[in-house]
Amino acid sequence: MKDLKLVKQYKGNTPNFFLIAGPCSVESEEQILEIAKFLKQKGIKYLRGGAFKPRTSPYSFQGLQEQGTELLKKVKNQTGLKIVTEVMDTKDIDLISSCADILQVGARNMHNFSLLKELGKTKKPILLKRGLAATIEEFLYAAEYILKEGNQNIILCERGIRTFETSTRNTLDLSAIPLIKSITKLPIIADPSHGTGVKNLIIPMSKAAIAAGADGLIIEVHNNPQEALSDKDQSLNFQEFSLLLKEIDPYLKLNNKNF
Ligand code: PEP
Ligand code: MN
């Protein structure tokens, strides 16, 4: 990791705990507004929701795209929540920046170096997800690409890696959190939703991520998970998300964190 100059030199200040929640995809005005209002009432400050979706099959729902960005703008104006949404292509950076407070680089794009370079030229915070099969070194080099162009606002995200295990969608590599913290002061959050793909594992893995030193969590929440157009098996309903907040509270307190 000898060339990781900027990642190693980065002098961060300790960020607040980033608790980001919301649906996998923006599906309709009613859906995103209902979820946003619920999250706001729970004290959440960051709403996630994909307008452009990187789907394995080209026949799966691809997101509402431009219309999705309009709905995110609307919900941001109505609730004051900050928006986290994915940018998949350099040509969409301006469009996504018009509605997003944090631009997400998805796991499938962690190696998209032209996207990383262009995002490095913006001033927006970047949520950089670890690639599906990226080593920690490759993950940090992706951050180095963004830093090298001048953007220092990066939040790393451990979202699970592909292993031989099939009982979970991915293997959430929590050891990456303290390991990365020993190399850089860049904040790192965990995504137990994509990291496990299993609803019942999200609360315990959230607690474990906080105990491992995570600077935040990103959690998929839906008003009606059974009908979700993407990632329904891992989306928490309102009651389940309320339970998550209650269950992680002592872990946050123990680690002097609050959102
Ligand atoms: C997502 O956040 O909905 C997503 C597609 O995540 P990832 O890129 O980690 O698979
Ligand atoms: Mn998802």
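Trainee: How far does a polar side-chain atom of Glu 220 lie from an oxygen atom of ligand 1?

Mentor: Please keep in mind that this is a predicted model. A polar contact is a pair of N or O atoms within 3.5 Å. Here, a polar side-chain atom of Glu 220 is 3.4 Å from a ligand 1 oxygen. For Arg 108, the corresponding distance from a polar side-chain atom to an oxygen atom of ligand 1 is 2.9 Å. In the side chain of Arg 159, an N or O atom lies 2.6 Å from an oxygen of the ligand. Of the 300 Å² of accessible area that ligand 1 has on its own, the protein covers 97%.

Trainee: Which classes of residue make up the shell around ligand 1?

Mentor: The shell comprises 6 charged, 3 polar and 2 nonpolar residues. Among the residues around the ligand are Lys 53, Gln 104, Lys 129 and His 194.

Trainee: Gln 104 also belongs to strand β4. Which way do the residues of this strand point?

Mentor: In β4 (residues 102–105), Ile 102 and Gln 104 point one way, while Leu 103 and Val 105 point the other way; all are buried.

Trainee: Which strands pair with β4?

Mentor: Strand β3 (residues 82–86) runs parallel to β4, joined by 3 bridges, and Val 84 stands opposite Ile 102. Strand β5 (residues 126–129) also pairs with β4 in the parallel sense, over 3 bridges. There, Leu 127 is the bridge partner of Gln 104. Between β4 and β5 the chain passes through helix α5 (residues 113–120), forming a right-handed β-α-β crossover.

Terms used:
Residues numbered from 1 in each chain as written. Chains lettered and ligands numbered in written order. Predicted model: local features only at pLDDT ≥ 70, side-chain atom pairs only at ≥ 80, totals over all residues. Heavy atoms only, no water. Near = heavy atom within 4 Å. Polar contact = N/O pair within 3.5 Å; in protein donor to acceptor, adjacent residues only side chain to side chain. Areas by Shrake-Rupley, 256 points an atom, 1.4 Å probe, with all protein chains shown as cover. Nonpolar A, V, L, I, M, F, W, Y, C, P; charged D, E, K, R; others polar. Buried < 20%, exposed > 50% of the residue type's maximum accessible area, 1.4 Å probe, protein only. Helix = DSSP H or I, 4+ residues; strand = E, 2+ residues; numbered from the N terminus. Pairing = 2+ DSSP bridges. Right-handed = clockwise from strand over helix to strand, strands pointing away.
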